[in-house]
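These are my notebook entries on a structure that I looked up one feature at a time.

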Amino acid sequence: LSPRFPRRQSTSTFFVSNQVLGMWKLVPVVIALAVSVGEGATVIVAGDSWGSGGAAQFAQVASKNGATVDNIAVGGTTAADWATDHYLLALFEAVSRNRDATHLWLTVGGNDVMRGMGQGKELHDILQKMVVDTSVILDHLKENAPQIKVIQFAYDIPNYGLGMDCLFKAAHMAHNCNSEWGGIPASGWNNFVKCSNGNVVDIQTNYVGTLGQQSRAKGWNYVAANMLGTFQYLGGDGARIGQPDMTKFSPSTYWLNDCTHPNAAGYTGIFTEFWDLYLKSAGNTTLKSF
C-alpha cells in the first residue's frame with residue numbers, strides 16, 4: 001500500500017487535477033484562496049522517517065532556537081514518492097500555508113537505497129535515479145517557493161553491528177561489500193565496515209553532492225549539507241562532522257536496534273549540530289542566512 005499523507009485541518013476543499021499539477025506556475029492563484037495560510041512555521045520538514053521519527057526532537061531543537069516547524073514527513077517514503085503529484089501537492093500546501101518559512105529540510109533517499117540495494121541493483125544506478133527524482137522536487141520549489149532554502153544531508157554512518165538482524169540488513173543494503181566480509185566477521189569485518197561506510201559516503205557525494213553542484217546552474221535554492229561523522233563526534237571517537245572515521249561504525253549509543261534510525265538521544269544530538277551548522281538563520285537570531 002502507498003503511504004498515506006497525513007491530512008491537515010482545513011475548512012476548504014481542493015479541486016486540482018493531475019493535469020493542473022503539471023503546471024504549478026498557474027496553481028498559486030487558484031489555490032491561494034483554499035489553503036489555510038499564516039500558520040507561521042519558519043522551517044518545513046519533508047521526506048522520510050528521519051523526519052517523522054525525529055519530529056519531536058527536531059521541534060524541540062527548533063523551539064530552543066526561536067523557530068517553529070511544520071513537519072509533513074512520512075515514514076517509508078522515497079525520493080521517487082515525493083516527485084509524484086500526491087506529495088508535490090502536499091509540499092505545495094505546506095509552503096503555501098507557511099508564508100514566512102525560510103528553510104526546508106528535505107530528508108529523502110534512504111528508502112530508495114534500501115529498496116534498490118535489496119533488489120540487487122547497483123548503488124551508482126540508484127543514486128542517478130535519486131538525482132533525477134529529487135530534481136523534480138527542487139524544480140517545483142524553485143517555481144513556487146524560491147525564497148525557501150532547501151537543505152539536505154545523507155543521514156550519518158550507521159551501525160550494522162547491533163545484532164543479527166542488522167547483519168542481515170547489511171548483507172542486502174551493502175551487498176557490494178559482501179566479498180569483503182565473506183560472511184565471516186572475524187576475518188573480514190574491518191574491510192566490510194570500510195566498504196559499507198563507503199556506500200554512505202557515496203550517497204553523500206554522488207547524490208546530495210551532485211545536487212549541490214547542479215544547484216547554481218539549475219537555479220535551486222539548495223544547500224548540500226554534510227553531517228557524516230556526527231555520531232562518532234558526539235561519542236568521542238575522534239571524528240569530525242563531515243569527516244567520519246571510515247574504519248568504525250557510529251556508536252551504538254545513538255541508534256535504535258533497527259540500525260538505520262537514531263534513538264531520541266541520537267536525533268537530539270544530530271539535530272542540535274545540524275541546527276548550529278546550517279539552520280541558525282531560521283530562528284530568532286541575528287546570524288546571516290548561509
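Entry one, the sheet. I found five strands in an open sheet with parallel pairing, in the order β2-β1-β3-β4-β5; strands here are DSSP runs of E with at least two residues, helices are runs of H or I with at least four, and both are numbered from the N terminus. Two strands count as paired if DSSP finds at least two bridges between them. I noted that β2 (69–71) and β5 (222–224) stand at the edges with a single partner strand each, so one side of each has no neighbour in the sheet. The model is predicted, so local features need pLDDT of at least 70 and side-chain atom pairs pLDDT 80 or more, while totals for chains, interfaces and linings use all residues. Residues are numbered from 1 along each chain as its sequence is written, and side-chain values use heavy atoms, without hydrogens and water.

I read that the axes of α7 (residues 110–118) and α8 (residues 123–144) come within 10 Å and cross at roughly 145 degrees, where axes are lines fitted to C-alpha atoms, for helices over the stretch in contact, and angles run from 0 to 180 degrees between N-to-C directions. In α7, Asp112, Val113, Gly116 and Met117 meet Leu123, Ile126, Leu127 and Met130 in α8, contact meaning heavy atoms within 4.5 Å. These residues divide into six nonpolar, one polar and one charged, where Ala, Val, Leu, Ile, Met, Phe, Trp, Tyr, Cys and Pro count as nonpolar, Asp, Glu, Lys and Arg as charged, and the others, Gly among them, as polar.

The largest cavity holds about 340 Å³ of space, a volume being the space filled by probe spheres set on the points, which are joined across faces, edges and corners. Its lining has 21 residues, and Gly110, Tyr155, Tyr160, Met173 and Thr260 lie nearest the centre. By class, I recorded 12 nonpolar, seven polar and two charged residues in the lining of the largest cavity.

Notes
On a 1 Å grid over the protein atoms alone, a cavity is a set of points where a 1.4 Å probe fits but cannot get out, and a pocket is an open set with protein on both sides within 12 Å along at least five of seven lines; lining residues have an atom within 4 Å of a point.
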